[in-house]
Amino acid sequence: MAQAFDAVTFDGAAATSKSFSHTIANVADRIILASFQGGTVLVTSTSYNSVALTKIEEVSIGGAYLSQWGLIAPATGANTFAASWDGTSQTIRVFVATYNGVSNVLPTNYLHSRETTGVTTYTVT
């Protein structure tokens, strides 16, 4: 089976946690990946259909955290994705994507930080 994109759900509103519906097709070899971007606090837990996702990687860039979580063979259909983090209300962007026809091993070293000292920033107008 070829690898294929299934679905994506996005939530970027400020909150102390996230909870929303995400639908996964009933196709073999599924994976759900959740990406969290922004915020100055750590994501402490994530789940889909009450099954915990595994933290793949987390990095801090300029005081904001990026993290990636995943689950092999998640339940199919419309289920609840939930996440929580330490601290007060934060604007943390959450991208939840599912794919099928993939390996049954979670990726590692998915996120990579890089040094930005000395990089020139340009504004395009």
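This is a predicted model: local features need pLDDT of at least 70, side-chain atom pairs count only at pLDDT 80 or more; totals for chains, interfaces and linings use all residues.

Trainee: OK, is Ser35 buried or exposed?

Mentor: Ser35 counts as buried, because its relative accessible area is 17% and the cut-off for buried is under 20%.

Trainee: And which side chain does the Ser35 side chain make a polar contact with?

Mentor: That of Gln68, at 2.7 Å. If you skip the neighbours within four places in sequence, Ser35 is in contact with Ser67, Gln68, Arg93, Val94 and Phe95.

Trainee: Switching to strands: how does β5 pair with β9?

Mentor: In the antiparallel sense, over five bridges. β5 covers residues 43-48 and β9 covers residues 77-85.

Trainee: Which residue in β9 stands opposite Ser45?

Mentor: Ser84 does.

Trainee: What about β5 and β6, how many bridges there?

Mentor: Two, and those strands run antiparallel as well, with β6 spanning residues 51-52. Look at Ser47 and you'll find that its bridge partner in β6 is Ala52.

Trainee: How many residues sit between β5 and β6?

Mentor: Two residues, and the strands form a hairpin. Check Asn49 in the turn: its phi is positive, about 55°.

Trainee: Last thing, the surface. Which residues make the nonpolar patch?

Mentor: Phe5, Val8 and Tyr99 make that patch, which is about 290 Å². Val8 lies in strand β1, residues 4-11.

Definitions and conventions: Residues are numbered from 1 along each chain as its sequence is written. Side-chain values use heavy atoms; hydrogens and water are left out. Patches are made of residues with over 30% relative accessible area and no salt bridge: like charges are joined within 9 Å, nonpolar side chains (Val, Leu, Ile, Met, Phe, Trp, Tyr) within 5 Å. Accessible areas come from the Shrake-Rupley method with a 1.4 Å probe; for residues, only the protein chains shown count as cover. A salt bridge is a side-chain nitrogen of Lys or Arg within 4 Å of a carboxyl oxygen of Asp or Glu. Helices (H or I, at least four residues) and strands (E, at least two) are DSSP runs, numbered from the N terminus. Two strands pair if DSSP finds at least two bridges between them. Buried means under 20% relative accessible area, exposed over 50%, partly exposed in between (1.4 Å probe, protein chains only). A polar contact is a pair of N or O atoms within 3.5 Å; within protein, one must be able to donate a hydrogen and the other to accept it, and residues adjacent in sequence count only if both atoms are side-chain atoms. Contact means heavy atoms within 4.5 Å.
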